[in-house]
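Subject: Structure for you to look at

Hello,

Here is the structure I said I would pass on. Please open it first, then read the notes below it.

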Amino acid sequence: MAAIGLFRCQMTVSLIIGELLMIHATVVAIMVLALGVTARPLPAFAANGDLVQQTNFAQACGSGIGVGIAFDGKNLWYSCYASSPDLYKADPITGAVLASYTVAGGLGALAWDGNRKKIWAGWARGTGSDGDVRLIDPATGTGAVVFNASPAAFDELDDGLAYDAQDDSLLISPDTSTSIYHYTTTGGSLGSFPWSGSGCYNSGVAIGGQLLFEGSDGCNHVWVVQRSNHAAAFDFATGAGGVRDEDLECDSVTFSPKTVMWSMEAYEPRRAIAFEIPPGSCGTGGGVDSDGDGLLDEWETNGVTIDPDGAGPIPPQFIDLPKMGADKNKPDIFLQIDWMADATHNQKLSAAALKTVVDAFANSPYTSPTGSVGINLHVDEGSTSIMNYATNTTWGR
């Protein structure tokens, strides 16, 4: 059975069954089955950087300047430079303000922490010192300084901040900077690296997967690099409606199945735009993966839209991981098996043999970061093979 895979783990699983029967298969973290059971048609997707939404907020910043934006999975949060209030919670579609707080009398870039369910905030002429990085409780609007990013504090405004859930770290890009600074969430320096753009300066940064998005205030352009080595991946123009790209924030929820990047305008009128980015490329809250299996929690809870061949002819497709049995609290491995057969031979494995292997993974002593024990192995050996042994549901239903 044909399948199109994305996010392939570079690993081969060898299973010995019966009389030294060896099967070599590649672990596929996310697969689109050609029979169409787990994939469904989607609306047309636009190009990277195309405008999806402009949200005009109901309240302006007192200073007339504000660069920070964050998305908590439901609401947008925006900040104000040298102002009181300096933090607002708003509806992402209507722009209606739902709450406002004074945290420091001035906040810079913001980032939603999907692990802690709190907001990281940079500096912007509020109380304290340039370089202060705060962690704010969204329920109360209160927050304290966690550390001072002194090497990055050469400007009075931080207009770029991103939380990376994969290693619990922060990426900081102050105003007028051509470098991005990397810190642990306790303030330990992890070094810095040059941004990938040209002209203007780096502004917002955002991450929620294997790509790092780097904005450019005044140049209306976003450069995208690989998280692992900062090698260039692609870039695209933005600037819809004249909005400058200051702080950036991923949103894979509001316009699902599309994934968008929110970009905050620095000056009044107070507004933000959401522009399209590759589906599934940037998870909300830094890309939380609680059980460490390489599948983001939001994918395992809500499914994920992927584009198997990028700019190729195959359209983006929705993968219903929950329906396939994925569990965000227990590691999942999705394995597709093909076999050889002719008029006299058929090497297809029996359901009993596959169940033996599935049970072995389930009973393994491996303990995940969530504390769960064992691994969920999902074996696709064709439409008649069993997907869920508890219910005997097959891949072809």
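In this predicted model, a search of the whole structure finds 9 aromatic pairs. One of them is formed by F57 and Y78: the ring centres are 4.3 Å apart and the planes meet at 25°, so this pair is stacked. F57 sits in the loop between β4 (51-56) and β5 (69-71), while Y78 belongs to strand β6 (residues 76-79), so the pair ties together parts that are 21 residues apart in sequence. F57 and Y78 are both buried.

Another pair is F236 with F275. Here the ring centres are 5.8 Å apart and the planes are at 70°, so the pair is edge-to-face. This pair also links distant parts of the chain, with F236 in strand β20 (residues 232-237) and F275 in strand β23 (residues 271-277), 39 residues apart.

Now the chain as a whole. It has 2 helices and 29 strands. Of its 397 residues, 54% count as buried. Among the contacts with a separation of 6 or more, 51% come from residues 24 or more positions apart. The accessible surface of the chain is about 15900 Å², and carbon and sulfur atoms account for 52% of that surface.

Regards

Methods: Residues are numbered from 1 along each chain as its sequence is written. This is a predicted model: local features need pLDDT of at least 70, side-chain atom pairs count only at pLDDT 80 or more; totals for chains, interfaces and linings use all residues. Side-chain values use heavy atoms; hydrogens and water are left out. Rings of Phe, Tyr and Trp (its six-membered ring) pair if their centres lie within 6.5 Å; planes under 30 degrees apart count as stacked, over 60 as edge-to-face and the rest as tilted. Helices (H or I, at least four residues) and strands (E, at least two) are DSSP runs, numbered from the N terminus. Buried means under 20% relative accessible area, exposed over 50%, partly exposed in between (1.4 Å probe, protein chains only). Contact means heavy atoms within 4.5 Å. Accessible areas come from the Shrake-Rupley method with a 1.4 Å probe; for residues, only the protein chains shown count as cover.
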